[in-house]
Amino acid sequence: MKKILMLVVLFTLSLTVTAQEKITEGVITLKQNYSSNDEATQAQLAMMGEMITTTFFKGKKSRVEVSNPMSGDITIITDSESMESLTLMDNPMISKKYQKQTIEVPKDESDNFKVVDGTETKTILGYECKQKHLTIKEGGSEIKMVMYVTDKIAPVLSQQNAQFGDKLGGFPLYTEMSMTQGETEFTIVSEVTEVKSEKVADSKFSLTPPEGYSKMEGM
């Protein structure tokens with residue numbers, strides 16, 4: 001069960017962001033709430049509480065940070081210009097591990113996901129957002145999302161979201177995601193709560209694994 005929860009956390013973190021129009025450098029704060037229809041799973045999710053994710057962005061680079069008793073410390077650094085990413089994980093289950101990847105954009109459109117325009121709009125933090133419905137098939141699971149997307153903030157490319165291409169048309173400021181694993185259902189609500197324009201040090205986007213981290217095998 002903990003492995004499943006870790007995969008859910010990593011998937012939500014894959015939607016990293018950077019502003020491309022009015023704001024090109026700064027910090028974005030996102031809050032996430034998790035729930036499940038399974039009592040045992042809900043008890044574990046309750047331990048996580050409300051998860052706060054902080055994204056630092058600068059041009060085509062981003063750094064996503066989250067710290068939680070269940071997931072430990074997770075950092076994802078992405079450079080969509082060099083097409084590289086670095087994931088750092090520090091928790092009692094695996095200690096300090098890193099994974100470095102080259103981002104590969106699929107040549108053919110995948111049959112495992114579908115994006116459909118919705119009919120509703122929302123204004124979030126002053127951004128007009130359009131509704132999108134996204135369905136992803138992952139192994140034996142199906143992930144469904146309802147997103148409200150602004151074209152003023154575009155997603156940074158990652159290996160996890162490369163398959164979407166430009167189909168989202170921007171970055172979701174609000175997302176309701178549901179996933180089924182067997183008879184267990186997960187629901188995650190994610191909402192951007194703050195967008196700040198400020199200087200960010202280049203050192204935050206280093207793709208060199210820090211001292212003390214070892215390579216994670218088998219990922």
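**Ground rules.** I am working from a predicted model, in which local features need pLDDT of at least 70 and side-chain atom pairs count only at pLDDT 80 or more, while totals for chains, interfaces and linings use all residues. I number residues from 1 along each chain as its sequence is written, and side-chain values use heavy atoms, with hydrogens and water left out.

**Whole chain.** I looked up the secondary structure and found two helices and 14 strands, where helices (H or I, at least four residues) and strands (E, at least two) are DSSP runs numbered from the N terminus. Of the 219 residues in the protein, 44% are buried; here buried means under 20% relative accessible area, exposed means over 50%, and partly exposed lies in between, with a 1.4 Å probe and protein chains only. The protein exposes about 11700 Å², of which carbon and sulfur atoms supply 46%, by the Shrake-Rupley method with a 1.4 Å probe. Taking contact as heavy atoms within 4.5 Å, I noted that 57% of the contacts between residues at least 6 apart in sequence join residues at least 24 apart.

**Cores.** I then asked which residues have the most contacts inside the largest nonpolar core. That core has 20 residues, and the ones in question are Tyr34, Leu134, Ile136, Ile143, Met145 and Met147; a nonpolar core is a set of buried Ala, Val, Leu, Ile, Met, Phe, Trp, Tyr and Cys residues joined through side-chain atoms within 4.5 Å. Elements that each supply at least two residues of this core include α2 (39-48), β9 (127-138) and β12 (171-181), and the largest share, four residues, comes from β10. Apart from this core lies another, of twelve residues, among them Cys129, Tyr148, Phe171 and Val192.

**Strands.** β10 pairs with β12 in the antiparallel sense over eight bridges, two strands being paired if DSSP finds at least two bridges between them, and Met145 stands opposite Met177 in β12. Strand β2 (residues 25-36) is largely enclosed by the rest of the structure, because nine of its twelve residues are buried. β2 pairs in the antiparallel sense with strand β3 (residues 51-58) over eight bridges and with β13 over eleven bridges.

**Lysine over rings.** Lys122 lies over the face of Tyr148, at 5.1 Å from the ring centre, and its charged end also sits over the ring of Tyr174, 5.8 Å from the centre. I count a charge as over a ring if NZ of Lys or CZ of Arg is within 6 Å of the ring centre and within 35 degrees of the ring normal.

**Two single residues.** Is Thr75 buried or exposed? Thr75, in strand β5, is buried, with a relative accessible area of 12%; not counting residues up to four places away in sequence, Thr75 touches Arg63, Val64, Glu65, Leu86, Thr87 and Leu88. Lys204, in the loop between β13 and β14 (214-215), is partly exposed at 27%. Leaving aside its neighbours within four places in sequence, Lys204 is in contact with Phe56, Arg63, Glu65 and Ile77. Lys204 and Lys58 are 146 residues apart in sequence and 9.8 Å apart in space, C-alpha to C-alpha.
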